[in-house]
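Here is a walk through a two-part model, taken one region at a time. Keep the viewer open as you read.

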Amino acid sequence: MTSIRYPGAATSEGAQELSARGQMTAGELLRESGSVLRMSEAAAAEQADRAPGDQETMIINMGPQHPSTHGVLRLMLELEGETVLRSKPIVGYLHTGMEKTGEDLTYLQGPTNVTRMDYAAPLFNELVFSLATEALLQVEIPPRATWIRMLMTELNRIASHFLFLATNGLDLGAISMILYGWRERDLVLQFFEKTTGLRMNHNYIRPGGVAADLPDGWRDDVLRILDALPARLQEYDELMTGQPIWRARTQGVGVLTAEEAIALGATGPILRASGVPWDLRRDIPYLAYEEVDFNVVVGTYGDVFDRYAIRLNEIRESIGLVRQILDRIPRGDYRVQNKKVTPPPRARIDESMEALIHHFKIFTEGFKVPEGEVYVAVESPRGELGCYLVSDGSAKPYRMHIRGPSFVNLQTLPHMLRGGLIADAVAVISSVDPIMGEVDR
Amino acid sequence: MSADDQAVPEEQAVPQEEERRHGAPLTRQLGQVVLHPSREGYRDLVEQLRRDGYTFCLDVTAADYLTHPGRPGLPSTVTPERFEVVAILLSFEGKERLRIRVQVPDGDPVVASLFHLHPGTEAMEREVYDMYGIVFDGHPDLTRILMPEDWEGHPLRKDYAVGRIPVQFKGAPGDR
């Protein structure tokens, strides 16, 4: 790197970038592919030595502003003609230090922070943070709150997968899909807006329950969504699933075996596409998932098509889940009646001075959470979304860490892109469905 | 940080006989199993656990206990240090997670990398390095991942103030 200072030079990521072929080291090769294949260090060193000079290959940047990198993902690709030889994702362009911010917010403010991480599935972030806080508090939330959480997160899963279908279609040239996917997602978002007041970043699921009960007529609204969707999914099948062009673009592309997926820490649809039947909702159930019936959709080949098909069918499973939730959602309180955690109802504030003080204190000082540390995870649309929370006994988390599934899943990219065509790279990136807000946090 | 015995809170007191797995003290935090290996034994423990069925490494993260040295849940035989590297493993067969907490001293923040056991820890260890400055011995590409390359300091350390970011728009008019 020469040190000419022009405005663009300030964005160089130095050692984080993909090195030129002549400077490629064995360690880098090992990182990119060897470790997964259990390549020995000697073999990697040998291969690095044999690599030709960079006159035959070209390193190009894809992103951070490329439309098909889903946000600010930057991929450095080494190309030989149209073939991808090496690649490296470079992330951090959306990093805003949300884990640091989380240490400065009370437990009640926490959900407003974490909800902005995976902005396509905000309710899951709130859910995992709330579950972690409740685990530390050792409070049990009322059944209705649990079922409302299940209802909302399953609807959120549907919305998130529609977003995936929309962008996946767009990336692969099925341009109409972006309209259809957005149309369907909006049905769900309109219900969210009615329930939580916001279409995204809801701050609806909070430690102790949910922010408000479901609005009047919610059952009809949900039923209207559920009734509309199956026919639309049928349309998708006609538009994409059975189409020879769609299959040619997706089948056998970006294959990841089960061993590789496990080694690389991939979770969610990527892991299931590789044939590993692992879904936290079934295997380590949280909320009330033990009491409902659903199938875990598993793929066989671990290619782009499998990952698409899994998400499409997970929408169908979620529709079935929401129908069961509608039948079984109990009456009762939507938040725990624990004066420590729950602010007094609005009506009480008008008549009682103590209630006013109590309300004020909960929202300014927050509530104290006993010392401890806990790891809680939920199955988000992208995989295992975990929250590691350490409390020092004060009203703010001492350490708040979110295990973002997108962040970990991104590591599968260099492995899947290797040896493929650059046009397939678009399909592979899309199939990982990374949300950069969660990657960078 | 000296090893204060009173730093271990009583409420999580270890039952009569200290439980161990592969030589590492085992505690339970709110029903979750936590192992406390030594820094030297950390990598071997993960390797042994991988043979036991913990084939999936979910997460590697860390915590800085600078302002809260008397942290919860440490067994009495473990000396608390400033940093703690936390690894979370998963067993598909047992359908259970397991947490490992390793004490890492401030003066020598180095710990073995899990990369060769679980390649998926590559990005996570880079994140811990970026945020805490903990060095993972054996990591093939230990560079910053979220912060810019020329960033100074490690933001998630407790002595890194929240508001210490230099003003970005130096050329902007006005003296706000």
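Two strands count as paired when DSSP finds at least two bridges between them. With that in hand, look at strand β6 (residues 96-104) of chain B, where B:Arg97 is the bridge partner of B:Leu90. The model is a predicted one.

Stay with strand β5 (residues 83-91) of chain B. Nine bridges join β5(B) to β6(B), and the two run antiparallel. The hairpin they form has four residues between the strands, and there B:Lys95 takes a positive phi near 50°. On the other pairing, eight bridges join β5(B) to strand β4 (residues 56-64) of chain B, again antiparallel. Here B:Asp64 stands opposite B:Phe83 of β5(B).

How many residues of β5(B) are buried? Eight of the nine are, so the strand is largely enclosed by the rest of the structure. The cut-off behind this is 20 or more other C-beta atoms within 10 Å of the residue's own.

Now widen the view to the sheet. Six strands of chain B form an open sheet, in the order β1-β2-β3-β6-β5-β4, with mixed pairing. Which strands stand at the edges? They are β1 (20-21) and β4 of chain B. Each has a single partner strand, so one side of each is left without a neighbour in the sheet.

Further along that order, strand β2 (residues 24-29) and strand β3 (residues 32-35) of chain B pair in the antiparallel sense. Four bridges link them. One pair to pick out is B:Leu26 with its bridge partner B:Leu35 in β3(B).

Two helices of chain B meet these strands. Helix α1 (residues 42-51) of chain B packs on the sheet and touches β2, β3, β5 and β6 of chain B. The direction of α1 makes about 170° with that of β6(B). Helix α2 (residues 122-132) of chain B lies across β4 and β5 of chain B. Its direction runs at about 5° to β4(B).

Next comes the contact between the chains. Chain B gives 39 residues to it and chain A gives 43. On the chain B side, β4, β5, β6 and α2 each supply at least two residues. Which of the elements gives the most to that side? It is β4(B), with six residues. By class, the chain B side has 21 nonpolar, 10 polar and eight charged residues.

Cross over to chain A and find a helix pair. Helix α5 (residues 122-137) and helix α6 (residues 143-171) of chain A pack at an angle of about 145°, with their axes 8 Å apart. The crossing of α5(A) and α6(A) is left-handed. From α5(A), the contact uses A:Leu123, A:Phe124 and A:Leu127. From α6(A), it uses A:Arg149, A:Met152, A:Thr153 and A:Asn156. By class, that contact has four nonpolar, two polar and one charged residues.

End at a single residue. A:Val222 has its place in helix α8 (residues 218-241) of chain A. Is A:Val222 buried or exposed? It has 20 C-beta neighbours inside 10 Å, so A:Val222 counts as buried. Leaving aside neighbours within four places in sequence, A:Val222 is in contact with A:Phe191, A:Val322 and A:Leu326. A:Val188 lies 34 residues from A:Val222 along the chain, yet their C-alpha atoms are separated by 8.3 Å.

Notes:
Residues are numbered from 1 along each chain as its sequence is written. Chains are lettered from A and ligands numbered from 1 in the order in which they are written. This is a predicted model: local features need pLDDT of at least 70, side-chain atom pairs count only at pLDDT 80 or more; totals for chains, interfaces and linings use all residues. Axes are lines fitted to C-alpha atoms, for helices over the stretch in contact, and angles run from 0 to 180 degrees between N-to-C directions. A crossing is left-handed if the near helix is turned anticlockwise from the far one by less than a right angle, and right-handed if clockwise. Two residues are in contact if their C-beta atoms, placed from the backbone, lie within 7 Å. Ala, Val, Leu, Ile, Met, Phe, Trp, Tyr, Cys and Pro count as nonpolar, Asp, Glu, Lys and Arg as charged, and the others, Gly among them, as polar. A residue is buried if 20 or more other C-beta atoms lie within 10 Å of its own, exposed if 12 or fewer, and partly exposed in between; C-beta atoms are placed from the backbone.
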